[in-house]
Structure formats: C-alpha cells, structure tokens
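I opened this structure for the first time and kept notes as I went. Here is what I looked up, entry by entry.

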Amino acid sequence: MSPNNPCKYCKRYLVGKYLTIAGWEMANSKPQIDGFASYLCENRAHNQVWEEDNANNGKKWSTLEHKGPFFPPEYEPLPSNVCFVYNGKSIKLSLAAEEVATFYAKMLDHEYTTKSVFQENFFNDWREEMTEEEREQINKLSKCDFSHMAKYFLEKTEEKKAMTKEQKQVLKEENNRLTEEYGFCLLDGHKEKIGNFRVEPPGLFRGRGEHPKMGKLKKRILPEDITINCSKDSKIPEAPKGHRWRKVQHDDTVTWLASWVENVQGNLKYIMLNPSSKLKGEKDWQKYEVARKLKLKVETIRRLYREDWKNREMKIRQRGVALYFIDKLALRAGNEKEEGETADTVGCCSLRVEHITLHEEKGGQEFVVEFDFLGKDSIRYYNEVPVESRVFRNLKLFMENKDPEDDLFDRINTIYLNKHLNQSMPGLTAKVFRTFNASTTLQDQLNKLTTADMTLEEKLLSYNRANRAVAILCNHQRAAPKTFEKSMQNMLDKIAQKQQQLDVAKMELKEAKKEHKKAGTERTRKLVEKKEAAVKRLEEQLKKLQLQMTDREENKVIALGTSKLNYLDPRISVAWCKKFNVPIEKIYNKTQRDKFAWAIDMTEEDFQF
C-alpha cells in the first residue's frame, strides 16, 4: 500500500475509533488522517487488523500470548578473600545479609551514601535481613567497612571494560537470544515488541530529590508476586521451576502483560508493550490531539475561570484559582495520599497554607506569590510569581483563620476539578493543560529562536534552549552529573587547544599574505587560499566546541528527557527538523524514533501545534 494512499481499512478504523475519541473536526483533519493511516498501513497487516472489532466496551485486544517476564539471576556469593569488616574485624555474613551489603558497597562512592536518611533507611532494612547473631554483632553503620567489597566490584567493572571483542559478542548474542524469546508477544496474531521484559533486580531505592525512603531495600521479586495477563485460549507462560504465579488473569481492557507491587512505596509495576507498538502509538497520537483541541477552547476556559474568582461560593472561587495555577504554572493537579505511605509531596489541589507566602510587593513587582513545596519524586518546587490582584486577594481569603498545615484549597479536590474540566471539553483533565502548555511553549520558542541561516550546532542549541524552557516550566530538575566538572574541564582544555591552533593558523595566514604581496605568484596565491581555508575550518570547530560547552552548562541541572518523551507533541520536533534540515537523529535516539514512528511518518514541515 502506498504511503501517500492509505487503504480504506486503516482510514475507516481511525475515523470510527480514534477520531471520535479525540474529538477531531473531520473537515480540518484529512491530511492528518491520511498521514497516520499511511503509517499504520506500512507497519501493520492492514487487510487483517483493521477489520477486526477492536472498539467494543474498551476492549484492547482479542488474543494476547507471551512468555512472561525474565527474572534476574540468583545472588552469587562473594569469593572467600573478599571480606566485610566491622569494627576492624572480618565477619562472614549470611547469604541474605551479604547480598544487601553488596548493594551498599556498589554505591560507596556515590553522593547518596553520604546522606543520613539513606544511611538510616539502609541500615534498618539491612538489619532485618540479618540473622539474630549478626544483629547482636552489627549495631552501628559507622563501624562498618565496605571498602573491600567496593574494591572487588570496581575490579569486576574494569574487567568488563577490558573484555575482548569476541567476549562482548558472546554477551551480545545471549542478550539477543533472550530478547527474541522474552521480548515479543503475539497481540491479535501479530508479533509486537515488549517494553522492558526483565524484572528489576533487588537493590537500594534511590528516589529523586530528598526522598524520605531513599536507601530502603528493594526486595527481590519472585514469581509468587507476579500477576500474568494473557488471553484465555493462549498458552499460559510457565513459571520458573519450583515456583508459581500469584495469579493469572485474562483482562482484555488493559495492555499490560505482567504486574506486581514493589515493596518500598507499594506502587504497581508493569511489563508493557514497547512504546513503538501499535497500541502505544495510537494512545500517544490521541493524547496530543486532545491537547491540540484544547488550543481551540482554552481562551473560553480561561475567561470562565477568571469569572469564577468573583463567585459568591468559596468552592467555585477555589476552583478558579486552582485552574489558573494549573494553566499558568503547569502545576500537577495533585492527588490524595494515605498519610505516611509516601513522601510528603503535593500538587496544586493538595497545597497547604505553609507552601505559599504572599508578598504585596517583591523585587519591584506587585502581588507576588512565593511557592515552596516538594512536588512529584520529592523534587523541590520553588517559584516567585506575580499574579493578578484578584487572585492575590482570593489567596488571602483562602488562608484566613487557617494553620500552616491546613489545606489551601480545602473545598476542592482533583476528582472534582477534572469532572468540571470534562464538562468544558470532553476528555479534558488537568494533565492535558500540562501537555498543552508544554507543547505550546516548545512551538513558540522554536519559532522565536530558530532562523534558516544558523549552523547545525546553533540550531541544536536553539532546540535545547526551547526544550529547556519547557523543562523549567514543568519543574523537571536533576542533580548535576557526577562527572560534570571533569567533563567541563575536558571541554575547556579542548577549547584552549583549538584556540591555540587557530592563533597559529592566523599567524601562518598573515605570513602567507605578506609573501604573496611580495612575490605575487600562483604558488603564493594558492598558499593564501589554503591558509584561509584552514583558519575558517578552525574557527568553525572552535565555535562548535563553545556552543557545546554552553549547551552543557545550561543543561547542568535540567532534565530535558522527561518533557521530550511525555509532554511534547513529537510532530513539533519532526516538523522543525524537516523545515530547518536538521537530521532527526540529532533530536531523537533510536528508541525515541521507534516510539514516535507515527509522528515521523505523518508530519510535514509546515505542521504547527
């Protein structure tokens, strides 16, 4: 089937199922329909798949068969010459205690192990794995010496780095064999790639930011912990010898293949289809189309929530101010959590009085709200934002006669907010605002920062700056990489070396011009041209290094990947690449290109979010 002439089955499938869900206006969407239908035609057995009935009662598939998850190997005890030392004396640990000790030893040079919360959580959980005798002997982490273990694992790492090409090939072939066996499933008779088919090995929980549970033991996941999901008539995956699955179910309304509950935070973990799969691609496409539809409604919604600020009912006023923050600051809506179950993280609806400070004037601006709270993954959100006077007055009203630990928005919650938004536009939730504002910001920044006469490196710097604006909006932070200072020093050394080469080349050009002025021969003319070309080449190389250094410095504590994968419509990036002749490989790696294959296939350079 021609990419530019999709089959009627693909078009009928999209129109009947996804376009109605996304709320598309059919008259304005034909190029997009044809584009995505073309992608489906090229990547699926269209004459079989699209005539199947996939749209009844939330059913995601008819048949699903797979091999189940792949488990990490059992713990291998340390050699007898590698010892654990407590208070200056070598101790032979029990197998369970030794395994947990190795988790800490492997992280000995990491910043985490210097944090008191990490140390305390690790030590408490480690003692639970010890025998009674070990608990009597080992009662202070400060007296524990893990250096021998750490040295052993460092040597193992170096050995792995020094492996021969042949040894690496053997490992690669084994990984390929496992991927072929466990990394694919049969979905409605078609072979689909699975995301991560490996069960996460045991270790120590790190978390992000100052997470209160960092250092806790992530226990080994057993088959008895896992629920398998497959179709009734398929071959049920075999559990490892001597084990059995916790449960086998046949739920065709979900797309996960296996699930379990991790012990640290009590969260459900899943083995899912690969992001490049048909179902995932369709879901992504649908998500961004809902966000695009919001673009047509957003001014009306903004007008309505501004009117809410004046409403006589306190609940309506709180709803209006909360929506203002979710829209203006891209705050997460926030969900209710059981006290003590997870870190004290909040979103907009769960803000407490203690999380904001009001300033009539600050930094030359009026009506400033100072936010300071822990957001998702315990990442601190700190921001000083000037707001409209009526918002400021409402916040004062919401805070009256309340203690610091009281809810700021005590009349509303996320469920109520999303129900209200859905009445304004079908499918609209607070999360859609985040996707909409992130994608709109990227589009606006790219339009503003990029010009056709830029070099490739300048264009990439512009792209990363646009992406960085989104990451800042969404509060996507990270700790500076451990190797940051070293890599920056290496970059400075390269720049200094290149500058030196350029200075020499300019001197040589000056001498060549003098010689040509005296002699005026063909030989001296060619020499001048050669030296000019060398200077130009070195200037371009120096500029490229300087741009790379600027980019790296600006990205030091900003995580660009989260927004790129989850909040930014990939069609914006694809269209930008096509318009400005930037190779798509410079923006998306292989895994990301697979995930966004639908966008790469369907998008032309004139696409605007």
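**Entry 1: Glu180.** I began with Glu180, which is partly exposed at a relative accessible area of 48%. My scale calls a residue buried under 20% relative accessible area, exposed over 50%, and partly exposed in between, using a 1.4 Å probe and protein chains only. Glu180 sits in helix α8, residues 165-182. Helices (H or I, at least four residues) and strands (E, at least two) are DSSP runs, numbered from the N terminus. I then checked Lys193, 13 residues from Glu180 in sequence; the two C-alpha atoms are 9.4 Å apart.

**Entry 2: ground rules.** I noted that this is a predicted model, where local features need pLDDT of at least 70, side-chain atom pairs count only at pLDDT 80 or more, and totals for chains, interfaces and linings use all residues. Residues are numbered from 1 along each chain as its sequence is written, and side-chain values use heavy atoms, with hydrogens and water left out.

**Entry 3: the coiled-coil record.** UniProt, in an unreviewed entry, lists "coiled-coil region" for residues 154-181 and 488-555. UniProt positions follow the numbering used here, feature names are shortened, and annotations may be inferred rather than shown by experiment. I looked at residues 154-181: the span is 89% helix and 0% strand, and its end C-alpha atoms lie 32 Å apart.

Entry 4: Where does UniProt place the feature "active site"? The unreviewed entry puts it at Tyr567. I found Tyr567 in the loop between α17 (561-566) and α18 (570-579). Is Tyr567 buried or exposed? Tyr567 counts as buried because its relative accessible area is 8%. Its side chain makes a polar contact of 3.2 Å with the side chain of Arg434. A polar contact is a pair of N or O atoms within 3.5 Å; within protein, one must be able to donate a hydrogen and the other to accept it, and residues adjacent in sequence count only if both atoms are side-chain atoms.

**Entry 5: Glu361.** I placed Glu361 in strand β13. Glu361 is partly exposed, at 49%. Its side chain reaches the backbone nitrogen of Gly364 at 2.8 Å. Pro386 is 25 residues from Glu361 along the chain, with 9.0 Å between the C-alpha atoms.

**Entry 6: cysteines.** How many disulfides does the structure hold? I counted zero. A disulfide here is a pair of cysteine sulfur atoms within 2.5 Å. Cys348 is buried at 0% relative accessible area, and Cys349 is buried at 7%.

Entry 7: Most residues other than glycine have a negative phi. Ala330 lies in the loop between α10 (314-329) and β13 (356-362), and is buried at 2%. Asn581 also has a positive phi of about 55° without being a glycine. Asn581 lies in the loop between α18 and α19 (590-595), and is exposed at 68% relative accessibility.

**Entry 8: Val261.** My last stop was strand β11, residues 258-261, which holds Val261. Val261 is partly exposed, with a relative accessible area of 49%.
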